[in-house]
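I opened the notebook to look up a pocket, a sheet and a strand, in that order. My entries follow.

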Amino acid sequence: MNPAFARITGWSQEEMLGQSCRVLQGEGTDPRAIEQIRSRLRRFKEVQTVIRNYKKDGTPFWNDLYIAPVKDAQGVVTHFIGVQNDISDRKKQEERIAWHANHDSLTELPNRALLADRLDQALRFVRRYHLQLTVMFIDLDGFKPINDTLGHSVGDKVLKVVAQRLSQSLRDGDTLARFGGDEFVIVLPNAGNVDEVNSIAERLLVNLSEPYEIDGKALTLTASIGIAQGNEDIKDPNMLVQQADMAMYKAKRRGHHNFEWFSHDINKKVERHVVVRHEIQEAMANGEFRLVYQPIFNAQRQIVSVEALLRWHHPVQGEVSPAEFIPIAEHTGQIIPLGRWVIEQVCRDIGRFRQLGIEKVSVNLSPIQLSRSRFVENLEQILEQYQVSPAQLMLEITENVLVNELTHAPELLQTLHDKGFTIALDDFGSGYSSLRYLHELPIDVVKIDRVFTSHIGGQQGKDSIVRAMLAIAAELDMNVIAEGIETAEQLEFLQDKHCTGYQGFYLGRPIAIEQFVHLIGAQQ
């Protein structure tokens, strides 16, 4: 025994000489490592292993142990020499590395890598006991504004509290993992029937909606939960995560602070989404998109401007509804190149409209376009390229842009207005209506949504809403364009109330620019 042994173990020579090294063993010592040593020694073989040993004071340490036989001149083993090294620091570092490889450093929850392993374990449990495997996918509602306005440090603290609340709501055997960002996944190997799962989801929603006290600030947020369930016949448990994710988006669309179960109709919608996304890319490359223009009339039924509308003629399916492909293009980001193409095409067509006496064209802008940091610069570059003046364009935005998607909307709209663009608030009254927008923002035109004009002369009360909109616009010195006019009665009512602009199938359907030559001639 040398001094290094005494330093590592705490045992002196006087205490150890003549004793067995079994005194270094304890409850945490792996019996498999002990048996490995004994087996090799019985056969006079060298052995190398890592074993958990204990010092004299009971402190554990990791021992990298090497034992080799020593032979005499005749080749007979006379004794063994053992060399040990305290590698506790290295083992701690390895454990830290392994922990971080499988856990989220912020919330200390399992990450996606460990989640995959826990899913496999849960599936084996389900198969053994013939149970149902349930997965919940949780996404926080309204978390992004917290990060954007209060900073990521506050957002991180919120995520830690969320992780604690979710953990406290689960049972032994359940797994909670941070999937990424503000998304969490819960694996329930034995959640029970649908009613029991619903009860768990409702409890989670209540717990997460309780106020958060962060750095002296009271914050509130909710969550949307998607649920998927399968039995022992599941081949890949990760499919349940994907299905729960789809169901979560359905819960989002239904108003947040809600949970939804996965169903196969959701799966069909997702498959359609993937197909349309690919076909949009091909359509842009193959020139399948085109613009049509719907005329906008004044009170004398003269065309004063037109609205550009995007159409897609699919080579197999025919006309694809904008209500289907535009939301998908916004979700995938394809609306950026598609929106640029629309503006460029409008700029190419404006010269021909001016020859027909039409000085202004309306273009609908997506919130995704407006959220790009260089939107204004890129728009100016296009106009300069085609020698088009900002006064020739009317930019149409919806109310949802103002309240949901674009935190810097007032500044951006003011910049566009100062540069000479006409700003129109489209579909007014159909979203999160607020008179404050009309008063504070640089809005030149209000477009009354067709949901109101379509009921003129019908249900009692609808006429009064339209009258109120027109009166407010008149007080604020704004022009009003009524959309969706389909009858002479609707047109007459709006003319009597001094509406300034009229648009709808009764007056003129969207048509290609070539057809406007005949339309203008007929009007004249």
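Predicted model: local features only at pLDDT ≥ 70, side-chain atom pairs only at ≥ 80, totals over all residues.

Residues are numbered from 1 along each chain as its sequence is written, and side-chain values use heavy atoms, with hydrogens and water left out.

Entry one, the second largest pocket. I found 28 residues in its lining, with F5, C21, L65, I67 and G82 nearest its centre. I classed Ala, Val, Leu, Ile, Met, Phe, Trp, Tyr, Cys and Pro as nonpolar, Asp, Glu, Lys and Arg as charged, and the others, Gly among them, as polar; on that basis the lining has 17 nonpolar, nine polar and two charged residues. Which elements each supply at least two residues of this lining? I noted α1 (3-9), α3 (31-42), β1 (47-54), β2 (60-71) and β3 (77-86), helices (H or I, at least four residues) and strands (E, at least two) being DSSP runs numbered from the N terminus. β3 gives the most, with five residues.

Entry two, the sheet. I traced an open sheet of three strands in the order β1-β2-β3 with antiparallel pairing, where two strands pair if DSSP finds at least two bridges between them. β1 and β3 are the edge strands, each pairing on one side only. Between β2 and β3 I noted nine bridges in the antiparallel sense, and Y66 stands opposite V83 in β3. α3 packs on this sheet and touches β1, β2 and β3, contact meaning heavy atoms within 4.5 Å.

Is β4 (residues 133-141) mostly covered or mostly open? I found nine of its nine residues buried, that is, under 20% relative accessible area with a 1.4 Å probe and protein chains only (exposed is over 50%, partly exposed in between). In a regular strand the side chains alternate between the two faces of the sheet. Here L133, V135, F137, D139 and D141 are buried on one side, and T134, M136, I138 and L140 are buried on the other. Nine bridges join β4 to β9 (residues 222-230) in an antiparallel run, with D139 opposite S224. β4 also pairs antiparallel with β6 (residues 183-188) over six bridges, where L188 is the bridge partner of T134.

Note on methods. 1 Å grid on protein atoms, 1.4 Å probe; cavity = no way out; pocket = protein on both sides within 12 Å on 5 of 7 lines; lining within 4 Å. Axes fitted to C-alpha atoms, helices over the stretch in contact; angles between N-to-C directions.
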